[in-house]
Every structure is written in C-alpha cells, then in structure tokens.
Amino acid sequence: MISQLKSQDPNPFLRYYKNGKLQRPIGTPFVPPSNDPETRVISKDIIISHDPKIAARLYRPTTTTTTKLPLLIYIHGGAFSIESAFSTLYHTHLNTLTAAARVIAVSIEYRLTPEHLIPSCYEDCWEAIKWVEQASDPWIKNHADLNRVFLAGDSAGGNIAHNIVVRRLTLPAWPGPGLKIVSMALVHPYFEFDEPSKLWMYICPGSSGVDDARINPAADPRLLEKIVCGKVQVCHVCGWGG
C-alpha cells in the first residue's frame, strides 16, 4: 500500500521515500509510564490485544480512597496518522487531566493509518471499551466507578469517540449494564462538512465523502438524535486543522 501511494503524497503528516519507507516527521517522542511527583499521578501500560495490537496507558492518583472514582476513557488525536497514547504530549496531558478531574483514566493506543486504514481505529477503540467493561485490571476493578464513565478525545480521537457512541445503534455488543457512559467530550473533533479532504479519502478508501456519517455527522441526523450518553460537549476553534 505504501509503495503504491507514495507519489500521491496526500498526507501532510507523513513523508514517503522511493524505497517504500514511511516516516512521521511530526509528533512527540514516546515516554514510559511514570509516577509523576508534580501531579501525583501514577501510570502503567497494559496490552488489550496482541492480534490486532491494541494497548492502553492507565492512570490513577497516587492517593486513593475507598470511594471509587469516575472513569475517563481518552482517545488521542493526530489526524488518524500520528501521535500515540505513549507520546510526551498525551502522557503529560493525561497526568494533568487525571489529577485535576480526580479520575481513573484509560488512554487508548490504537492502530494508525496508512498502515491500518479506517475502520481499524474504530474497531480497536471498540475492543478497548469492551475490555474496560470486563474490569479485569485491578486499577479499574478496585478504583473505577463504571457507572460514571466519561468518553473524550481530540481531533481524530474526537471523531473516533463520536463514532464509538453512534456505533452502538447498529451493533448488539454495546457494553452492557456493567459500563455506563454518562458524558462525552469532543475537543476539536476531526469532522468535514464540505468537500472531503484528500487525507480522508486516502485513509478511508471507498468512503462516500461528505455523505459518509463517519466524517460528517450531519449526513445522517437520525444518528445524532440517538446518541447514547446523557451529555455531549463539543469544543471547536475556527481554523483548527484536525
């Protein structure tokens, strides 16, 4: 796929070479999980699935009580193509967010395009949410209130979060009574309402463009009417590029 499309250069976040090599010149370095003294938040990495490869970084305050904390499921951005739950940018963000909001957080590491085209990212995050519901990890089992789950994401992560919530309308496998998403926050969500970008058509071959509700929620208003959570907050700044 990379060697076939290298001459098209539809993705400004990637760099292609004639030998087929793919480079991501934009993005922040990876950092290991930590016990952060400034925010007093501890983190760890877990494997959700080996095939396909899905992982997550979990966060919790170092000082916990017997009262369970709300759970935040966070999906990182990066135009579906760059960044990571393990990057400096999102590790710092989740440390700060976990401390400020007093939550247990799960930051999902999903597969990126163009190596894994859409809908891989949706499928990965869907599997991650089902994993959360099982509460097999002791941090989730002992410290997280699964009746107070908040789903959030920025840029591509906002798009994925939206599509995850909408997806329950077509699949019977929506997490059951063991997990309740009470609110969703979409920060600069990656949506397109006019002519579809070359990037979207590249990473989602076969898409109908602006008639595709995955990239343009207004293409099917019926889905918006049935979003399965109590509150939705959308933060958008004009000129944001995704």
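I shall discuss ring pairs, and then charged groups placed over rings.

Please bear in mind that this is a predicted model. A search of the whole structure returns 5 aromatic pairs, and I have selected two of them for discussion.

How are the rings of Y74 and Y90 arranged? Their centres are 6.3 Å apart and their planes meet at 45°, so this pair is classed as tilted; an edge-to-face pair would require over 60 degrees. Y74 belongs to strand β6, residues 69-75, whereas Y90 belongs to helix α2, residues 88-101. Y74 and Y90 are both buried.

The second pair is F80 with Y190. Here the ring centres lie 5.4 Å apart and the planes are at 70°, so the geometry is edge-to-face. Each partner is in a loop: F80 in the one between β6 and α2, and Y190 in the one between β9 (181-187) and α6 (198-203). Together with W200, F80 and Y190 make up one aromatic cluster.

I turn now to charges over rings. The charged end of K21 sits over the ring of Y17, at 5.8 Å from its centre. R60, in turn, lies over the face of W139, 4.8 Å from the ring centre.

Thank you for your attention.

Notes. Residues numbered from 1 in each chain as written. Predicted model: local features only at pLDDT ≥ 70, side-chain atom pairs only at ≥ 80, totals over all residues. Heavy atoms only, no water. Phe/Tyr/Trp six-rings, centres within 6.5 Å; stacked < 30°, edge-to-face > 60°. Helix = DSSP H or I, 4+ residues; strand = E, 2+ residues; numbered from the N terminus. Buried < 20%, exposed > 50% of the residue type's maximum accessible area, 1.4 Å probe, protein only. Lys NZ or Arg CZ within 6 Å of the ring centre and 35° of its normal.
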